[in-house]
Structures are given as structure tokens and as C-alpha cells.
Amino acid sequence: MLDKFLTPMIKPILAPVVVVLHKRGITADQLTVAGFVIGMLALPLLAFELWYGALAAIVLNRIFDGLDGALARHAQQSSSAGGYLDITLDFLFYAAVPLGFILANPEQNAIAGALLLGAFIGTGSSFLAFAIAAEKFKLDKPQFKYKSFYYLNGLTEGTETIALFVAFCIWPQHFVLLASIFATACAITIFTRIYGGYHTLKQLEANVSSSAGLNPQEVSND
């Protein structure tokens with residue numbers, strides 16, 4: 001929900017760093033992998049209840065995540081392969097944080113952590129599945145025109161997720177409450193994305209079939 005407002009504010013801040021990285025011959029994919037390795041350090045740090053160490057790993061991961069895309073665009077090296085690598089490693093990182101809290105205190109955090117992990121699967125699959133169809137219909141993405149994948153908006157996006165992770169580390173004693181609230185918000189996102197995505201694609205299929213004289217079922221199964 002907040003990504004479309006925050007992204008334009010961050011881009012000018014990253015620009016000078018991106019120029020330096022490019023001059024040093026660092027590639028976007030290298031940043032993606034390095035950021036992922038740093039972010040995954042949060043898993044053992046959380047498991048051992050080293051909250052602020054985990055917070056530092058999470059923040060650094062997000063900085064690298066912002067830099068890799070900016071560097072790819074600056075170097076004119078944006079690619080589907082790079083986008084695929086980025087989004088895949090992002091979701092592994094997202095899953096690692098709730099898992100870290102589950103390992104830290106299984107008796108207290110297991111159920112809420114499992115609900116949150118399930119919610120992450122739902123939000124991720126709902127927009128990635130739509131991205132496949134969006135590519136087929138060549139849909140424009142004005143709010144995320146620099147992304148490699150089409151992002152279907154929702155109540156819980158990247159900004160909200162990172163804010164949640166930061167809150168987890170600052171107030172770990174409230175993990176169950178925070179995770180439960182966010183999982184509920186994710187459920188709303190999943191519903192709106194599935195509903196909106198389904199009807200959007202149905203309308204697009206109807207438009208294509210009517211203009212080409214085809215059966216809508218032929219378009220949807222193409």
C-alpha cells in the first residue's frame with residue numbers, strides 16, 4: 001500500500017551510491033546475492049534472541065534490495081533473470097524472519113509464526129500468478145514501472161512487511177500479537193488480489209476475444 005509513495009522518495013537517496021558501485025564494477029546480481037546472505041543472518045540471530053543484531057541484518061538486506069534494482073537500471077542491465085533472482089531471494093528472506101522467531105520460542109510463537117508464513121505464501125503467489133498473466137496481456141505497470149514483475153497492489157506490500165520486521169525486533173515480546181494482526185491484513189490482501197486479478201483478467205480475455213472473434217475460453221487457455 002505504501003510502496004508507491006515510498007519508492008520515489010528513496011530513489012534520489014540511492015543515486016549517488018549507485019554511481020560509485022557502478023564505477024567499481026559491482027553488478028546488480030552481486031548486490032542481490034550479498035544482500036540475501038546478509039539478510040539470512042537474521043535467522044540464527046533471531047533464534048538466539050539477538051534482536052538488534054537481527055534488526056541490523058534486516059535493514060542492510062533492504063538497503064541492498066533497493067540498491068540492486070537501482071544499479072541495474074543505472075547500468076542499463078535490467079533483466080528478467082535479475083528480477084527472478086531478486087524476487088526469489090526476497091521471499092526466502094521474508095520466510096526466514098518468522099521462522100527465526102518460531103525457533104526462538106516455539107511454544108509461544110509457533111502458531112502465530114505459521115499463520116504468518118501461510119499468509120506470506122498467499123500474498124506472494126497471488127501477485128506472482130497475476131504477473132504471469134499480466135505479461136501475456138502486456139499490461140502496463142505505471143506505479144511500479146521499473147519492476148521486473150507486475151505488482152498487483154494490496155494492503156500489505158514490501159514497506160509494510162519491513163515495518164513489521166522492525167517492530168518484531170524492537171518489541172519481540174509482542175510477536176504473537178503483531179504477527180496475528182499482520183496475517184489478518186495479509187488475508188485481506190489475498191482476497192482483494194484474487195478478486196481483482198480474476199475479474200481484471202476475465203475482462204481482458206473478453207476484450208481480446210471480442211476484438212478477435214474468439215471464444216473467451218480459447219484466450220484463457222492459450
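How are α4 and α7 oriented to each other, roughly parallel or roughly antiparallel? In this predicted model, local features need pLDDT of at least 70 and side-chain atom pairs count only at pLDDT 80 or more, while totals for chains, interfaces and linings use all residues. Residues are numbered from 1 along each chain as its sequence is written, and side-chain values use heavy atoms, with hydrogens and water left out.

Start with α4, which covers residues 51–74. Its 24 residues reach 35 Å from the first C-alpha to the last, close to the 34 Å expected at 1.5 Å a residue (1.5 Å times one less than the number of residues). Just past the end of α4, glutamine 76 takes a positive phi of about 55°.

Next comes the pairing with α7, residues 158–170. The two axes come within 8 Å and cross at roughly 165°, so α4 and α7 are roughly antiparallel (angles over 145 degrees count as such). On the α4 side, Trp51, Tyr52, Ala54, Leu55, Ile58 and Arg62 meet Ile162, Phe165, Val166, Cys169 and Ile170 of α7, contact meaning heavy atoms within 4.5 Å. These contact residues divide into ten nonpolar, no polar and one charged (Ala, Val, Leu, Ile, Met, Phe, Trp, Tyr, Cys and Pro count as nonpolar, Asp, Glu, Lys and Arg as charged, and the others, Gly among them, as polar).

Threonine 161 also sits in α7. Its relative accessible area is 7%, so threonine 161 is buried (under 20%). Leaving aside residues up to four places away in sequence, threonine 161 touches Tyr94, Phe120 and Phe182. Cysteine 186 is 25 residues from threonine 161 in sequence and 9.8 Å away in space, C-alpha to C-alpha.

Conventions. Helices (H or I, at least four residues) and strands (E, at least two) are DSSP runs, numbered from the N terminus. Axes are lines fitted to C-alpha atoms, for helices over the stretch in contact, and angles run from 0 to 180 degrees between N-to-C directions. Angles under 35 degrees count as roughly parallel, over 145 as roughly antiparallel, 65 to 115 as roughly perpendicular and the rest as oblique. Buried means under 20% relative accessible area, exposed over 50%, partly exposed in between (1.4 Å probe, protein chains only).
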